[in-house]
Amino acid sequence: TGVKAGDAVFFSCDAAEPGNPPVRLAALLHDIGKPAAMRREADGSLSFHGHERLSAEQASALLERLRFPNQLIHKIRHLVLHHMFNYTEEWSDAAVRRFIARVGEEHVPDLLALRRADQVGACGDSSPSQALAAFSRRLEKVLQAGRALTLRDLAVDGRDLMQALGLPPGPRIGVLLGQLLDSLLEDPQLNTMEALLSIAGKFYRQRLG
């Protein structure tokens with residue numbers, strides 16, 4: 001049986017972990033932006049494209065007015081902003097690594113918990129979905145592999161790039177580091193100083209030089 005739209009948010013909040021205030025608050029507020037995002041499609045159906053962004057903004061503003069701690073506000077905003085992921089078995093390991101890099105490894109457990117609560121609110125079924133369970137296993141596998149997922153994991157840093165390429169400090173160094181991380185998310189075996197400096201040099205000559 002389906003769940004009425006007006007009741008879904010309360011089911012989601014009730015399904016969230018009682019001992020996890022950020023997830024419970026995120027479950028309460030994760031769809032707060034849907035009314036502003038609602039659009040009537042040509043076939044008469046309703047769509048809510050981009051509601052996660054509006055929900056994150058509105059949730060943050062509401063919690064600020066209620067004088068919640070800034071750290072908690074930022075956490076809830078982040079969870080709400082990223083709660084609309086839709087994993088399928090076609091995702092490559094690189095796609096899973098990109099997801100982790102985008103949302104932050106430290107937020108993965110809470111995002112999964114929020115998504116489970118969201119699913120309960122949407123369909124009223126408290127049993128975990130097979131797709132979410134499969135995604136959880138994929139995430140655990142990738143994280144256990146210990147691959148490079150953040151700039152801190154790179155085998156080079158800004159000083160290495162400046163020395164190797166003869167560049168001064170500046171925005172180009174950040175662009176190069178971001179490109180190197182993107183390359184590693186695709187192929188983690190590239191995480192050696194030699195390989196990364198080669199990639200950085202080629203990218204600089206072609207795109208930034």
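Which helix is Asp-110 found in? Asp-110 sits in α7, the helix running over residues 108-123. Keep in mind as you look around that this is a predicted model.

Let's stay with Asp-110 for a moment. Is Asp-110 buried or exposed? With a relative accessible area of 14%, Asp-110 is buried, because anything under 20% gets that label. Its side chain has a polar partner: it makes a polar contact with the side chain of Lys-75, at 2.9 Å. If you skip residues up to four places away in sequence, Asp-110 touches Asn-20, Val-23, Lys-75 and Leu-79.

Val-23 belongs to α2, while Lys-75 and Leu-79 belong to α5. The helices themselves span residues 21-29 for α2 and residues 70-81 for α5. Their axes come within 9 Å of each other and cross at roughly 55°, so α2 counts as oblique to α5. As for handedness, the crossing of α2 past α5 is right-handed.

What makes the contact between them? From α2 you get Pro-22, Val-23, Leu-25, Ala-26 and Leu-29. On the α5 side, the residues are Leu-72, Lys-75, Ile-76, Leu-79 and Val-80. Sorted by class, that contact has nine nonpolar residues, no polar ones and one charged residue. Lys-75, then, takes part in the α2 and α5 contact and also pairs through its side chain with Asp-110.

Now hop over to Ile-100, which has its place in helix α6, residues 93-103. Ile-100 counts as buried, at 2% relative accessibility. Leaving out neighbours within four places in sequence, Ile-100 is in contact with Glu-105, Leu-139, Val-142, Leu-143 and Leu-149.

How do α6 and α8 pack? Helix α8 covers residues 130-144, and α6 packs with it at an angle of about 85°, the axes being 10 Å apart. That angle is why α6 is described as roughly perpendicular to α8.

By class, the α6 and α8 contact has seven nonpolar residues, no polar ones and three charged ones.

Conventions
Residues numbered from 1 in each chain as written. Predicted model: local features only at pLDDT ≥ 70, side-chain atom pairs only at ≥ 80, totals over all residues. Heavy atoms only, no water. Axes fitted to C-alpha atoms, helices over the stretch in contact; angles between N-to-C directions. Helix = DSSP H or I, 4+ residues; strand = E, 2+ residues; numbered from the N terminus. Parallel < 35°, antiparallel > 145°, perpendicular 65-115°, else oblique. Left-handed = near helix turned anticlockwise from the far one by under 90°. Contact = heavy atoms within 4.5 Å. Nonpolar A, V, L, I, M, F, W, Y, C, P; charged D, E, K, R; others polar. Buried < 20%, exposed > 50% of the residue type's maximum accessible area, 1.4 Å probe, protein only. Polar contact = N/O pair within 3.5 Å; in protein donor to acceptor, adjacent residues only side chain to side chain.
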